[in-house]
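Please look through the sequence and the model before reading on.

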Amino acid sequence: EKEAHHNEPHFHITIKGEGSGSYRISDFTAIKTNIPRGTEKKLLEWARNNRQILVDTWNEFNGYRVTVS
């Protein structure tokens with residue numbers, strides 16, 4: 001149950017002392033997070049600017065079983 005979203009292309013962010021979260025690659029919405037909003041906003045800006053890296057990494061590490069374009 002807690003991994004129900006695991007086939008959905010996503011990435012994880014962990015910030016020591018601040019929290020962690022997982023986000024959809026498709027639209028950058030949070031699946032689950034406890035990262036402070038101000039920090040999250042900066043991180044998601046990076047993610048939007050580097051979406052292709054997230055896509056390529058997802059596809060590589062997941063054996064292309066669920067691909068993102």
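## Glu8 and its partner

Glu8 is partly exposed, with a relative accessible area of 26%. Here buried means under 20% relative accessible area, exposed means over 50%, and partly exposed lies in between, with a 1.4 Å probe and protein chains only. The side chain of Glu8 forms a salt bridge with that of Arg24, at 2.3 Å from N to O. The pair links distant parts of the chain: Glu8 is in the segment before strand S1 (10-15), Arg24 is in strand S2 (residues 19-24), and the two are 16 residues apart. Arg24 is also partly exposed, at 25% relative accessibility.

A salt bridge is counted when a side-chain nitrogen of Lys or Arg lies within 4 Å of a carboxyl oxygen of Asp or Glu. The model is predicted: local features need pLDDT of at least 70 and side-chain atom pairs count only at pLDDT 80 or more, while totals for chains, interfaces and linings use all residues. Residues are numbered from 1 along each chain as its sequence is written, and side-chain values use heavy atoms, with hydrogens and water left out.

## A salt bridge within a helix

By this rule there are two salt bridges. Besides the Glu8 and Arg24 pair, Glu40 forms a salt bridge with Arg37, and their closest N and O atoms are 2.5 Å apart. These residues are three apart in helix H1 (residues 37-49), so about one helical turn separates Glu40 and Arg37. Glu40 is buried, at 7% relative accessible area, whereas Arg37 is exposed, at 56%.

## Helices and strands

The chain has two helices and three strands. Both kinds of element are DSSP runs, numbered from the N terminus: helices are H or I with at least four residues, and strands are E with at least two. Along the sequence the pattern is β-β-β-α-α.

## The sheet

The three strands form an open sheet in the order S1-S2-S3, with antiparallel pairing. Two strands count as paired if DSSP finds at least two bridges between them. S1 and strand S3 (30-33) are at the edges, and each has a single partner strand, so one side of each is left without a neighbour in the sheet. From one strand to the next, the twist averages 10 degrees.

S2 and S3 run antiparallel and are joined by three bridges. In this part of the sheet, Gly21 stands opposite Thr33 in S3. H1 packs on the sheet and touches S1, S2 and S3, and its direction makes about 135 degrees with that of S1. Axes are lines fitted to C-alpha atoms, for helices over the stretch in contact, and angles run from 0 to 180 degrees between N-to-C directions. S2 and S3 also form a hairpin with five residues between them, and Phe28 in the turn has a positive phi of about 65 degrees.

What surrounds Ile13? Leaving out residues up to four places away in sequence, Ile13 touches Gly19, Ser20, Gly21, Tyr23, Ile35 and Leu43; a contact means heavy atoms within 4.5 Å. Ile13 lies in strand S1 and is buried, with a relative accessible area of 12%. Ile13 and Tyr23 are ten residues apart in sequence, and their C-alpha atoms are 8.2 Å apart in space.

## The chain as a whole

Of the 69 residues in the chain, 33% are buried. Among contacts between residues at least 6 apart in sequence, 26% join residues at least 24 apart.
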